[in-house]
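Visitor: I would like to learn how to read this model, feature by feature. Where do we start?

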Amino acid sequence: MKRLLALPLVLACAHAERARDAAAWLELRSDHFEVRSDLPEAEARQVVQSLEEARAVMLAVMWPGQAEPAGKMQVVALATPDEVEEFAHDGINGFVGPDAFGRVMVVTGGSSGDGLLIVNHELAHALADHFLVRQPRWLSEGLACYLQTLHLDHALHRAIVGELDKDRLRALQSQSSLYRGGVLSMGSEFAELGGEQIYRFESASWVLVHYLINERRDDLNAYAARLAHGEDPLKAFDAQFPNLSEAAIQLAVHDYTHGEGTFRMFTIPLAAKSYPVTVRTLPRAEALAVVADLYVPLAGNAGKRSEAIARALQADPLHPLALAAAGNVSAADAAASVKAHPDDWRAFELLYQRNGDVKALEKAAQLSPGNPAVLAELSRLRGKAGHSNEALALALQAVSLEPNNFDRLDALSWALAGKRRCKEALATELRALEVVPDEMPKAHLAQFKLRAVDLQTRCGATPGHVEMADAEGAPDTEPVRKACGPSPQVAARGSVSADYLVREDGTVGDVRMTGDAATATLRVFEQFVKTCRYQPATKDGKPVAMRLRQDLSVHAK
């Protein structure tokens, strides 16, 4: 799902005919960006130049002298802000989300000014993802809001960072932010906030980051170093800022925002550097497929999206992006797409998705060597085939390109487990669960929690716990395992799975064992599961019973 972004702009009402004109589209590539745009070439080149300059300034301000991240950001720069509304809805002037192949895509309108705020925001996130192993939500959003106001003044050959955001200050004046009670501890519940709540949380985070950058920069750098080494964010904050109680934070922020001349900005000279850019005109079918992929899946967009996909498929019935946008691609169409587009990695990715052809995925990796999604999936396949060294190398490469991406970290955790580096594998999987995308469906999250438990068992740990995928009546807290008896020591081979009830008092009952292991082995594991004790799940503050399920096969091998 694409995350919609709104800024306080006054937008003109106009029809986005230019975006739907296939002849208007260009693709521009620089060292760090892949931009597709319906802007005139001169303006599109300026967008790329500005993006490269903004990236260089952010690195100079926040991470001077450190190794730069690899990978490219995918940006769609539409000619005007009102074109964005064509693909989302009124009042939305930018969005970020996956394209049809799961790659992050940032969409914005206009070649300068407010149109680039959204790209700056996402660029700040991407850079922070590279440098911070652990990244609390307040720091992630606060830093992105701080850096998004970066202003490039080409007339005076300088960049200004840290400008005052009066709209955010007004938002802060209308609320009482409890930093230690909410802002600093904000986690996955961020996904459940409404638009106004998100804006207020971001504003409170922004002003705290602004204060720390200007008044406690050395401490902030030391805190970031702790996060870079994987320390728990809250414990690291307490260790680095022991004097910042709730009252102290509120007072410091109030004095900082109401004092005379306390807001400070960085002024950075702009290097007289022209960044190399390659430009090509997008083929008609590709341009139409890009347009089709831009439509945000909202109720009012269904007809327009279908029409755009039909136009793209009419131009090229086997275009891989158009097929992926349409969905439900047959194996035959995927194979035909490979023959029609033998140099396009996306066609081979489609073929792999439809029939599991490992050679097709290998070809996709060859055609797109810096594609983290392909590298991560190839790592999993190498691991399953027993090639643990190659699996780890591929996963490390994927994570180096997208360090705080859930899927890439998940692949790395399995590669580490394959090398029996269990402590690192479990820590990496926990990091992956910390950065689960806001829009991930609850059922999918439950499946990935099951994978984390399976990882524990593969590493020889005693059983963990995981919430059953239950769309209704979900508890407020999940059961937490307190203790189990000694792990079974069995030599027999076979699969072993347990489905059991954690009662309100934390005891285990109604154990159901399945698998193709010997009956005696299943009985041993049934008795073992019954020895476990839990802190029960809670609903509205009261203990409730809850079923769990777990793969215990590693102990039966």
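Guide: We start with a pair of helices. The model is predicted. The axes of helix 16 (residues 358-367) and helix 17 (residues 372-384) come within 10 Å and cross at roughly 140 degrees.

Visitor: Are helix 16 and helix 17 oblique or roughly antiparallel to each other?

Guide: Use the cut-off. Angles over 145 degrees count as roughly antiparallel, and 65 to 115 as roughly perpendicular. The crossing is at roughly 140 degrees, so helix 16 and helix 17 are oblique to each other. Their crossing is left-handed.

Visitor: Which residues make the contact between helix 16 and helix 17?

Guide: Helix 16 contributes V358, L361, E362, A364 and A365. Helix 17 contributes V374, E377, L378, L381 and R382.

Visitor: How many bridges join strand 12 to strand 13, and how many pair strand 12 with strand 17?

Guide: Strand 12 covers residues 497-502 and pairs with strand 17 over six bridges, in the antiparallel sense. Five bridges join strand 12 to strand 13, and these two also run antiparallel.

Visitor: Which residues stand opposite each other?

Guide: Take strand 17 first. Y500 stands opposite L548, and the bridge partner of S497 is D551. Towards strand 13, A498 stands opposite M513.

Visitor: Where do the side chains of a regular strand point?

Guide: In a regular strand they alternate between the two faces of the sheet.

Visitor: What about the turn between strand 12 and strand 13?

Guide: These strands form a hairpin with five residues between them. There, G506 takes a positive phi near 90 degrees.

Visitor: Which residues have a positive phi although they are not glycine?

Guide: Two cases are H157 and N328. H157 has a positive phi of about 55 degrees. It is found in the loop between strand 7 (151-153) and strand 8 (158-161). N328 also has a positive phi of about 55 degrees. Its loop lies between helix 13 (320-326) and helix 14 (331-340).

Visitor: Are H157 and N328 buried or exposed?

Guide: The cut-off for exposed is over 50% relative accessible area. H157 is at 55%, so it counts as exposed. N328 has a relative accessible area of 80% and is exposed.

Visitor: How far apart are the C-alpha atoms of T521 and P488?

Guide: They are separated by 9.1 Å, while the two residues are 33 residues apart along the chain.

Visitor: Is P403 buried or exposed?

Guide: P403 is buried, with a relative accessible area of 12%. This residue lies in the loop between helix 18 (388-401) and helix 19 (406-418). Leaving aside neighbours within four places in sequence, P403 is in contact with D129, H130, L409 and R431. P403 and A432 are 29 residues apart in sequence and 9.9 Å apart in space, C-alpha to C-alpha.

Visitor: How many helices and strands does the protein chain have?

Guide: The secondary structure comes to 22 helices and 17 strands. Of the 557 residues, 49% count as buried. Among contacts between residues at least 6 apart in sequence, 67% join residues at least 24 apart.

Technical notes
Residues numbered from 1 in each chain as written. Predicted model: local features only at pLDDT ≥ 70, side-chain atom pairs only at ≥ 80, totals over all residues. Heavy atoms only, no water. Pairing = 2+ DSSP bridges. Helix = DSSP H or I, 4+ residues; strand = E, 2+ residues; numbered from the N terminus. Axes fitted to C-alpha atoms, helices over the stretch in contact; angles between N-to-C directions. Parallel < 35°, antiparallel > 145°, perpendicular 65-115°, else oblique. Left-handed = near helix turned anticlockwise from the far one by under 90°. Contact = heavy atoms within 4.5 Å. Buried < 20%, exposed > 50% of the residue type's maximum accessible area, 1.4 Å probe, protein only.
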